[in-house]
Amino acid sequence: MKNVKLYSDTLALDLQRFAIDNTEGLVGTGTKLERSSDGTTWEEFADIKTVPELGGDTEKVDVTTLADDRRKQVEGIQNASNVQFQVVYKGPSFAKALAEAGDRKQYQWKVTYPDGMTATMRGSYNIKFASVAVNGPLGYTITITVSDGPHFKAATATVSSD
């Protein structure tokens, strides 16, 4: 069912526009950062410009013994790190971010990508205003100190029918 159109008396809606085909890759347009106090009600948090690498490197645990002639290591736990989102300064969203920055409260965070894949994490945050240059945009950085996560949830598969 390709390019299905739904018509009513006053509205023509192209449903195909809303189905994102992620089989060839994606661009970042439409990615958003959301925050929640309780993990059930989400609100878009800021006008993000960049999303950092999410995830963590696995620490190595040295299990070498005196009988070994080479160092041996096994995979340890994953190291959670701070994540920094670059944000475009817009008065209302900055005021909202500033009001609770540094309060050390643990918030739920969700990054939603254009195809519906999500990464969720928990952590407190701080903000740092970016440097300013001639003819440059104002911006700031939201740094989340991750205490749990990120946890990824894959997008639901889109079925292609030709």
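Select Arg 35 and Glu 100: their side chains are joined by a polar contact of 2.6 Å. A polar contact here is a pair of N or O atoms within 3.5 Å; within protein, one must be able to donate a hydrogen and the other to accept it, and residues adjacent in sequence count only if both atoms are side-chain atoms. This is a predicted model: local features need pLDDT of at least 70, side-chain atom pairs count only at pLDDT 80 or more, and totals for chains, interfaces and linings use all residues. Residues are numbered from 1 along each chain as its sequence is written, and side-chain values use heavy atoms, with hydrogens and water left out.

Stay on Arg 35. Arg 35 lies in strand β3, residues 32-36. Strands (E, at least two residues) are DSSP runs, numbered from the N terminus. Arg 35 counts as buried because its relative accessibility is 5%. Buried means under 20% relative accessible area, exposed over 50%, partly exposed in between (1.4 Å probe, protein chains only).

Now show what surrounds Arg 35. Setting aside neighbours within four places in sequence, its contacts (heavy atoms within 4.5 Å) include Trp 42, Phe 45, Tyr 107, Trp 109 and Tyr 125. Glu 43 and Glu 100 are also among them.

Step back to Glu 34. Glu 34 is buried, at 10% relative accessibility. Its side chain forms a salt bridge with Lys 110 (4.0 Å, N to O). A salt bridge is a side-chain nitrogen of Lys or Arg within 4 Å of a carboxyl oxygen of Asp or Glu. This pair links distant parts of the chain: Glu 34 is in strand β3 and Lys 110 in strand β9 (residues 107-112), 76 residues apart. Lys 110 is buried too.

Glu 34 also forms a salt bridge with Lys 32, with the closest N and O atoms 3.9 Å apart. Lys 32 is partly exposed, at 28%.

Next, select Asp 68 and Lys 72. They form a salt bridge, 3.1 Å between the closest N and O atoms. Now colour Arg 35, Glu 43, Lys 96 and Glu 100: salt bridges that share partners join them into one network. The whole structure holds eight salt bridges.

Finish on the surface. Select Tyr 89, Phe 129, Val 132 and Leu 138, a nonpolar patch with about 350 Å² of accessible area together. Patches are made of residues with over 30% relative accessible area and no salt bridge; like charges are joined within 9 Å, nonpolar side chains (Val, Leu, Ile, Met, Phe, Trp, Tyr) within 5 Å. Accessible areas come from the Shrake-Rupley method with a 1.4 Å probe; for residues, only the protein chains shown count as cover. Leu 138 sits in the loop between β10 (118-129) and β11 (139-153).

Technical notes: Helix = DSSP H or I, 4+ residues; strand = E, 2+ residues; numbered from the N terminus.
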